[in-house]
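Subject: The structure we talked about

Hi there,

Here is the structure I promised to pass on. Please have it open while you read my notes.

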Amino acid sequence: MSTWPQRLRARLPLLLAGLWWGSLSAVGFMVVPLLFAKLGTPAVAGGMAAHLFSAQTWVGTLSGLLLLMLLRPSNDGGTEAPAWPTALLGLVLAAMLCALVSEFGVAPRIVARDNLKLWHSLGSGLYLLQWVLVGVLFWRLSGGPGEARGQTT
């Protein structure tokens with residue numbers, strides 16, 4: 001029988017992945033499109049969208065860091081916990097990289113209006129890729145115990 005802290009530690013990765021994927025979905029597919037539909041000008045909507053995407057970067061970065069800490073093997077009562085598959089760790093790292101490249105590499109060029117079509121397309125692609133990566137992570141973590149550990153059932 002597992003203790004409450006063990007059950008919490010086992011479920012936190014799923015909750016964090018759900019928060020990350022849900023916030024990506026809400027911001028990217030509902031809130032930002034509504035800004036452009038309802039605010040007066042694209043410049044005003046774009047400025048607000050930039051702030052939201054920046055906040056989303058930090059939600060993703062914090063979620064990713066916490067996931068990396070939770071998905072590492074631990075010692076519970078002297079028994080080594082099984083390691084999570086490298087694929088799950090790779091999903092977290094790749095999604096975090098997408099967020100950080102968007103924030104520090106792409107967003108400044110969009111704000112500077114430097115080749116706007118190219119950088120906006122690249123930023124959108126990175127956001128979509130991050131959404132897919134976190135979605136796959138969420139899917140894998142929500143499976144049964146064998147599937148969550150990267151085994152096929």
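Below are my notes, going from the whole chain to the helices, their packing, the core and a few residues.

First, how to read the values. This is a predicted model, in which local features need pLDDT of at least 70 and side-chain atom pairs count only at pLDDT 80 or more, while totals for chains, interfaces and linings use all residues. Residues are numbered from 1 along each chain as its sequence is written, and side-chain values use heavy atoms, with hydrogens and water left out.

**The chain as a whole**

There are 5 helices and 2 strands in the chain. Helices (H or I, at least four residues) and strands (E, at least two) are DSSP runs, numbered from the N terminus. Starting from that end, the order of the elements is α-α-β-β-α-α-α. The chain has 153 residues, and 31% of them count as buried. Here buried means under 20% relative accessible area, exposed means over 50%, and partly exposed is in between (1.4 Å probe, protein chains only). Of the contacts with a separation of 6 or more, 71% come from residues 24 or more positions apart; a contact means heavy atoms within 4.5 Å.

Helix α2 covers residues 42-70, which makes 29 residues. From first C-alpha to last, α2 reaches 41 Å, close to the 42 Å expected at 1.5 Å a residue. (The expected span is 1.5 Å times one less than the number of residues.) Its buried residues are A45, A49, Q56, T57, G60, T61, S63, G64, L67 and L70. The cover over them includes α1 (4-38), α3 (86-111) and α4 (116-142).

Helix α4 has 27 residues and reaches 38 Å, close to the expected 39 Å. Among its buried residues are W119, G123, Q130, G135 and R140.

**How the helices pack**

Two packed helices are described by the angle between their axes and the distance between the axes. Axes are lines fitted to C-alpha atoms, for helices over the stretch in contact, and angles run from 0 to 180 degrees between N-to-C directions. Angles under 35 degrees count as roughly parallel, over 145 as roughly antiparallel, 65 to 115 as roughly perpendicular and the rest as oblique. A crossing is left-handed if the near helix is turned anticlockwise from the far one by less than a right angle, and right-handed if clockwise.

- α1 and α4 meet at about 150°, with axes 9 Å apart, and are therefore roughly antiparallel. Their crossing is left-handed. Residues making the contact include P13, A17, W20 and L24 of α1 and Y127, W131, V134 and L137 of α4.
- α2 and α3 pack at about 155°, again with axes 9 Å apart, so this pair is roughly antiparallel. The crossing of α2 and α3 is left-handed. Their contact includes F53, T57, G60, G64 and L67 of α2 and L89, V92, M96 and F104 of α3.
- α3 and α4 have an angle of about 160° and axes 9 Å apart, which makes them roughly antiparallel. α3 passes α4 in a left-handed crossing.

**The core**

Which residues touch the most other members of the largest nonpolar core? They are W20, L67, L71, L88, V92, L137 and L141, out of 27 residues. α1, α2, α3 and α4 each supply at least two residues of this core. (A nonpolar core is a set of buried Ala, Val, Leu, Ile, Met, Phe, Trp, Tyr and Cys residues joined through side-chain atoms within 4.5 Å.) Not counting residues up to four places away in sequence, L137 touches A17, L67, L88, L91 and V92.

L24 is in helix α1 and counts as buried because its relative accessibility is 0%. Beyond four places in sequence, L24 is in contact with F29, Q56, Y127, Q130, W131 and V134. L24 and T57 are 33 residues apart in sequence, but 9.2 Å apart C-alpha to C-alpha.

S23, also in helix α1, counts as buried at 16% relative accessibility. With neighbours within four places left aside, S23 is in contact with Q56, V59 and Y127.

M69 lies in helix α2 and, at 48% relative accessibility, counts as partly exposed. M69 and P13 are 56 residues apart in sequence and 9.5 Å apart in space, C-alpha to C-alpha.
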